[in-house]
Amino acid sequence: MRIQELAPDVVMFVGDEVESVATAFMDGDRALLVDALGSEADAARLKEVLCGEMEKTVHLIAATHFMSDHIAGMSLFPDALTLAHRHHRQAFLSQNRPVPALYREPDIVFDNMALRWGRHQLRFLHNPGKTMDHFSVDVPTADLVCVGDNIVGNIVYLSRADPALQRAAIGRIQQFGRSRVVGGHMGVFDAPVLDNALHYLRCMQDIVVDIRLTATPVEMAPRISNIRLEDCIAPGVVPTAFERTWHGHNLDVIETQSIFALDAVLAAREQAA
């Protein structure tokens with residue numbers, strides 16, 4: 001596990017399982033977690049460090065979205081209140097591989113809210129993108145925003161998502177104007193990561209729409225599977241192994257879930273007009 005201090009009272013934990021992220025905000029000996037990592041082993045290590053070594057007690061756990069790889073640690077803190085958007089069940093059930101054993105019914109459900117925690121005001125703002133229950137946690141006093149899976153590093157993950165919603169969600173995150181962005185995976189990034197993710201999304205859409213408009217049925221799947229990350233990543237960005245893996249997952253789901261098929265139909269209609 002990688003542990004990084006983002007401020008004197010803000011600590012980020014990046015687990016080994018899918019590099020899932022949890023961010024702890026401290027108020028004296030009390031801790032609030034945004035997300036709870038992707039495996040029970042990672043969550044146990046977080047508890048060992050946060051509660052054992054740092055002597056904090058977790059009072060509240062907020063899930064940026066209710067998918068199994070972000071809520072694994074909830075059951076390890078039975079006395080903590082859990083918080084999620086009111087559409088959390090839809091997000092949980094929309095996963096390719098939900099893990100029912102990790103599901104814990106949230107104690108508090110909401111649309112938007114603000115919470116004072118120590119010196120920080122955390123603004124929980126509904127921001128549907130990758131899932132309909134996504135929210136961003138804007139923390140002006142720490143100059144950061146937690147964005148869940150609305151980005152995956154310098155790219156996005158397209159499975160079960162509406163690309164137009166993802167684009168709009170990233171745009172809303174940019175409006176917060178924070179210099180640091182904590183993703184649902186990988187860790188913390190400088191603000192240009194949002195532009196990079198939008199660049200990737202635009203390029204993927206342009207390439208896939210072109211393939212859907214020009215390829216024969218036999219050609220389509222091979223051409224989609226051969227889209228190179230280098231043709232989509234923003235200029236100057238050197239992709240990580242994690243980003244390369246999830247680009248590969250995108251190529252799989254673009255074909256199996258017919259992603260950008262509607263955009264291709266709309267583009268063909270526009271061309272014919």
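Is L262 buried or exposed? L262 counts as exposed, because its relative accessibility is 58% (exposed is over 50%, buried is under 20%, and partly exposed is in between, with a 1.4 Å probe and protein chains only). Before we go on, a word on what you're looking at: this is a predicted model, where local features need pLDDT of at least 70, side-chain atom pairs count only at pLDDT 80 or more, and totals for chains, interfaces and linings use all residues. Residues are numbered from 1 along each chain as its sequence is written, and side-chain values use heavy atoms, with hydrogens and water left out.

Back to L262, which sits in helix 7, residues 261–272 (helices are DSSP runs of H or I with at least four residues, strands are runs of E with at least two, and both are numbered from the N terminus). Together with V265 and L266, L262 makes a nonpolar surface patch with about 270 Å² of accessible area. A patch here takes residues with over 30% relative accessible area and no salt bridge, joining like charges within 9 Å and nonpolar side chains (Val, Leu, Ile, Met, Phe, Trp, Tyr) within 5 Å. The salt bridge in that rule is a side-chain nitrogen of Lys or Arg within 4 Å of a carboxyl oxygen of Asp or Glu, and the areas come from the Shrake-Rupley method with a 1.4 Å probe, where for residues only the protein chains shown count as cover.

Let's walk across part of it. Strand 2 (residues 10–14) runs antiparallel to strand 3 (residues 21–27), joined by five bridges, and V14 stands opposite V21 in strand 3. Strand 3 then pairs with strand 4, again over five bridges in the antiparallel sense, with A24 opposite L33. The hairpin of strand 3 and strand 4 has two residues between the strands, and G28 there takes a positive phi near 65°. Strand 4 (residues 30–34) is largely enclosed by the rest of the structure, because four of its five residues are buried. On to strand 5 (residues 57–62): strand 4 runs parallel to it over five bridges, and V34 has A62 as its bridge partner.

There is also an open sheet of six strands, ordered 8-9-10-11-12-13 with mixed pairing. Strand 8 and strand 13 (188–190) are the edge strands, each with a single partner, so one side of each lacks a neighbour in the sheet. Neighbouring strands of this sheet are turned by 20° against each other on average, direction ignored. Strand 8 (residues 112–117) and strand 9 (residues 120–126) are antiparallel over six bridges, with R116 partnered by Q121. Two residues lie between the strands of this hairpin, where G118 has a positive phi near 60°. Strand 11 (residues 144–148) and strand 12 (residues 180–183) run parallel with four bridges, and C146 has V182 as bridge partner.

Finally, look at Q205 in helix 4, residues 192–214. Q205 counts as buried because its relative accessibility is 17%. Leaving out residues up to four places away in sequence, Q205 touches R167, F260 and D263 (contact means heavy atoms within 4.5 Å).

Conventions. Pairing = 2+ DSSP bridges. Axes fitted to C-alpha atoms, helices over the stretch in contact; angles between N-to-C directions.
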